[in-house]
Amino acid sequence: MTTKTIVQSPRVIWTTRIIGLLALVGTGLTVWLGLWVTPPDQTQGDLVRLVYIHPGVAWVALYLAFGLAAGCSLLYLWPRTRSLFWDRLAAASVEVGVVFNVCTLISGSIWGKPTWGVWWAWDARLTSTAVLLVLFLGYLALRRVPAEPEVRARRSAFAALFAVVDVPIVHFSVVWWKTLHQGATVLNANLSPTIHGSMAWTLLLGFVALTLAFVWMLLVRYRIGALEDYLGSGELDMALLERQSEGVVPPAPDLKAEALAPVDDAGAAPGPRAPAEVTR
Amino acid sequence: MRYVISGYTVVLAILFLYGVQLVWRRRRLNRLVADVEGSRTPDRPQTGIG
């Protein structure tokens with residue numbers, strides 16, 4: 001199946017739309033339940049309402065997005081499953097994961113100020129999460145380095161596998177070190193916590209809604225990557241195509257011949273390179 | 001409660017704006033693909049180069 005077939009398949013497009021709609025509805029319900037329906041906590045009062053989004057965005061960023069990126073990178077490096085499809089999916093997952101990671105740090109900081117008295121502390125959980133963000137920003141920067149698609153895919157896969165080593169460090173940081181950040185609570189068998197029914201359901205709904213939001217973003221971002229590859233993805237090509245679509249540059253009669261031709265005296269830029277057919 | 005509202009606002013705003021940006025990028029690329037494919041059709045004037 002070609003990339004073009006994947007990105008233009010009506011089935012994929014409709015699935016993406018339905019997931020997006022479900023994510024919107026789920027997020028709206030979570031906000032409504034979290035802010036107005038669920039009761040305040042005995043200890044934290046209204047601040048507990050942040051629990052309906054903060055662990056959800058952290059789950060998506062740390063485990064889902066970066067875990068998926070690592071899995072896809074492994075599949076790319078494995079000779080029998082090597083395909084640019086996995087590379088593109090890993091790149092999409094990392095980009096979306098970075099956005100969720102930023103949300104995790106910001107929402108955690110906003111929660112930390114009234115509970116710990118500080119916006120930020122060099123606590124093991126917070127620091128390792130910030131390091132994770134930097135590592136995956138490095139991954140995205142590495143992808144911007146010009147290279148052949150296969151070379152870029154291979155080096156990105158190694159970078160993702162290197163960066164994902166930090167995920168278990170983030171997870172176990174609250175066990176290995178004394179931290180301001182609390183350890184696992186709801187799923188901690190030793191604590192056997194009791195949680196109000198509406199709070200438990202809202203927490204679960206928040207996880208589901210944010211997971212759906214991630215899946216929607218992943219599908220759209222994958223589609224963008226596939227379209228960029230289809231168009232040749234070169235910055236010059238993209239800029240020229242954009243100018244052409246805006247009518248600044250007239251469309252070239254033959255795309256291949258004039259791809260690298262110099263700008264003539266009249267200032268007319270060369271036409272875009274023919275888009276490469278990238279197959280899975 | 002202002003911390004709670006701030007937390008929800010910031011997180012939802014970031015996710016919403018990122019989503020809007022994704023849709024905008026996808027639409028722009030869709031237009032470019034349509035443009036390129038349109039320029040490949042035979043009804044366009046051909047110079048015979050290449």
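Reader: Which residues in α4(A) meet which residues in α8(A)?
Author: This is a predicted model. On the α4(A) side the residues are A:Arg88, A:Leu89, A:Ala91, A:Ala92, A:Ser93, A:Glu95, A:Val96 and A:Phe100. They meet A:Phe214, A:Met217, A:Leu218, A:Arg221, A:Tyr222, A:Gly225 and A:Ala226 in α8(A).

Reader: How do the residues of that contact of α4(A) with α8(A) divide into nonpolar, polar and charged?
Author: There are 10 nonpolar, 2 polar and 3 charged residues in the contact of α4(A) with α8(A).

Reader: And the geometry, at what angle do α4(A) and α8(A) pack?
Author: At about 130 degrees, and their axes are 8 Å apart. α4(A) and α8(A) are therefore oblique to each other. The crossing in which α4(A) passes α8(A) is right-handed.

Reader: Step back a bit. What does the secondary structure of chain A come to?
Author: Chain A has 9 helices and 0 strands. Along the sequence the pattern reads α-α-α-α-α-α-α-α-α.

Reader: How many helices does chain B have?
Author: Chain B has 1 helix, and 0 strands.

Reader: What percentage of each chain counts as buried?
Author: For chain A, 38% of the 280 residues count as buried. For chain B, the figure is 20% of 50 residues.

Reader: What share of the contacts in chain A join residues at least 24 apart?
Author: 74%, taken among contacts between residues at least 6 apart in sequence.

Reader: Back to packing. At what angle do α2(A) and α8(A) cross?
Author: Roughly 150 degrees, with the axes coming within 8 Å. Angles over 145 degrees count as roughly antiparallel, so α2(A) is roughly antiparallel to α8(A). The crossing of α2(A) and α8(A) is left-handed.

Reader: Which residues make the contact?
Author: From α2(A), the list includes A:Thr16, A:Ile19, A:Gly20, A:Ala23, A:Thr27, A:Thr30, A:Leu33 and A:Val37. From α8(A), it includes A:Ser198, A:Thr202, A:Leu205, A:Ala209, A:Leu212, A:Trp216 and A:Val220. The residues of the contact of α2(A) with α8(A) divide into 15 nonpolar, 9 polar and no charged.

Reader: Now α3(A) and α8(A). How far apart are their axes?
Author: Helix α3 of chain A, residues 54-77, and helix α8 of chain A, residues 197-230, have their axes 9 Å apart and pack at an angle of about 50 degrees. That makes α3(A) oblique to α8(A). α3(A) passes α8(A) in a right-handed crossing.

Reader: What does α3(A) bring to α8(A), residue by residue?
Author: A:Gly56, A:Val57, A:Trp59, A:Val60, A:Leu64 and A:Ala65. In α8(A) they meet A:Gly206, A:Phe207, A:Leu210, A:Thr211 and A:Phe214. The residues of the contact of α3(A) with α8(A) divide into 8 nonpolar, 3 polar and no charged.

Reader: Which residues in the largest nonpolar core touch the most other members?
Author: A:Ala65, A:Ala90 and A:Ala160, in a core of 70 residues. The elements that give two or more residues to this core are α2, α3, α4, α5, α6 and α8 of chain A, together with α1 of chain B. The largest share, 17 residues, comes from α8(A).

Reader: What does A:Ala65 touch?
Author: Leaving out residues up to four places away in sequence, A:Ala65 touches A:Val60, A:Ser93, A:Val94, A:Val96, A:Gly97, A:Phe100 and A:Phe214.

Reader: Next, A:Ala61. Buried or exposed?
Author: A:Ala61 counts as buried, because 29 C-beta neighbours lie inside 10 Å and the cut-off is 20 or more. A:Ala61 is in helix α3 of chain A. Not counting residues up to four places away in sequence, A:Ala61 touches A:Phe66, A:Gly97, A:Phe100, A:Asn101 and A:Thr104.

Reader: How far is A:Ala61 from A:Leu77?
Author: Their C-alpha atoms are separated by 23 Å, and the two residues are 16 apart along the chain.

Reader: Last one: what is A:Ile106 in contact with?
Author: B:Val10 and B:Val11, leaving aside neighbours within four places in sequence. A:Ile106 is in helix α4 of chain A. With 18 C-beta neighbours inside 10 Å, A:Ile106 counts as partly exposed.

Technical notes: Residues are numbered from 1 along each chain as its sequence is written. Chains are lettered from A and ligands numbered from 1 in the order in which they are written. This is a predicted model: local features need pLDDT of at least 70, side-chain atom pairs count only at pLDDT 80 or more; totals for chains, interfaces and linings use all residues. Axes are lines fitted to C-alpha atoms, for helices over the stretch in contact, and angles run from 0 to 180 degrees between N-to-C directions. Helices (H or I, at least four residues) and strands (E, at least two) are DSSP runs, numbered from the N terminus. Angles under 35 degrees count as roughly parallel, over 145 as roughly antiparallel, 65 to 115 as roughly perpendicular and the rest as oblique. A crossing is left-handed if the near helix is turned anticlockwise from the far one by less than a right angle, and right-handed if clockwise. Two residues are in contact if their C-beta atoms, placed from the backbone, lie within 7 Å. Ala, Val, Leu, Ile, Met, Phe, Trp, Tyr, Cys and Pro count as nonpolar, Asp, Glu, Lys and Arg as charged, and the others, Gly among them, as polar. A residue is buried if 20 or more other C-beta atoms lie within 10 Å of its own, exposed if 12 or fewer, and partly exposed in between; C-beta atoms are placed from the backbone. A nonpolar core is a set of buried Ala, Val, Leu, Ile, Met, Phe, Trp, Tyr and Cys residues joined through C-beta atoms within 7 Å.
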